[in-house]
Amino acid sequence: MKHRKIRRQAWLAALISTASLMPQVVNATIVEFQTVMGNFQVNLYDNSTPATVTNFLAYVNNGDYTSSVFHRSVAGFVVQGGGFVYNQALPLDQVPTRPAVVNEPVFSNVRGSIAMAKLGGDANSATSQWFFNLSNNAANLDGQNGGFTVFGEVVGDGMDVVDAIAALPVFNFAGATSEIPLRDYTATDFNNGVPVDETNLVIINAIIVSDSTVDSAAGLNPPLTTNQPNPPGNGGGGGGGGGAFGFLSLLGLLLAVPHLAGRWSSRRNNRSS
């Protein structure tokens, strides 16, 4: 028995050594937001927030965000989307939601990051809605409601587009659209009950995967959350783009709306605050 145990330990050590030398299977992801205000790219942290990225990409790959709108804008804070779709007519439709995703508070809610919105008092309630941080919101969002999961960042000059959306006038149509940004729409239009259409909404024509071939997040260095300094997941530096299986994973496997019609209303709000 003793010799058998020694042989088993030697075999396991050799297996771990071999697994650590195996190339990682990497599927890093950069997605492009194609909007009526311009296009911009977001690099997702596949390795570090895998459940959240998988959830987001499920909506992307199913086309759920096609013709969706930015329905919330708070100056100096966030712009939010992912909840409602314009289908060439009013009222707006709600994005069909998948089961809620587990919270992954690894990185800090700093300017340019994208994070999941969720219900108040439920850390693990995020579904389809997300928001872009317009400023450093770490003090507010890193510790609130279990921390808001940051799962990627805007790259290149993409924040120019996000900032342009944030600069639009905001109108109160109640419920989830109580802070909705609109184009070519004025306070006079609002007061006179002028109906809103596709020329006013900030529509996302599509979100597409533009890069899934390299570890595109390896060179990024997003700051860790100020509330729970969880280490990033396996993979490259920074956000660790890509969904890779390290040897520990291998070892583990071996061993064991609401509506819009001149005035909006909504049932429940996913919020970033």
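Aromatic pairs number 17 in this predicted model, where rings of Phe, Tyr and Trp (its six-membered ring) pair if their centres lie within 6.5 Å, with planes under 30 degrees apart counted as stacked, over 60 as edge-to-face and the rest as tilted. The rings of Tyr45 and Phe107 form an edge-to-face pair, with centres 4.9 Å apart and planes at 65°. Because Tyr45 lies in the loop between β2 (38-44) and α2 (50-61) and Phe107 in the loop between β5 (93-94) and β6 (113-116), this pair ties together parts that are 62 residues apart in sequence; helices (H or I, at least four residues) and strands (E, at least two) are DSSP runs, numbered from the N terminus. Both Tyr45 and Phe107 are buried (under 20% relative accessible area, 1.4 Å probe, protein chains only).

Phe131 and Phe148 are also edge-to-face, at 5.9 Å centre to centre and 75° between the planes. Phe131 is buried at 0% relative accessibility, and Phe148 is buried at 2%.

Turning to charges, the charged end of Lys118 sits over the ring of Phe148, 4.8 Å from its centre, and that of Arg98 over the ring of Tyr59, 5.4 Å from its centre. Here, NZ of Lys or CZ of Arg must be within 6 Å of the ring centre and within 35 degrees of the ring normal. Tyr59 also belongs to one aromatic cluster whose members include Phe56, Trp130 and Phe151.

Residues are numbered from 1 along each chain as its sequence is written, and side-chain values use heavy atoms, with hydrogens and water left out. Local features need pLDDT of at least 70, side-chain atom pairs count only at pLDDT 80 or more, and totals for chains, interfaces and linings use all residues.

Technical notes
Buried < 20%, exposed > 50% of the residue type's maximum accessible area, 1.4 Å probe, protein only.
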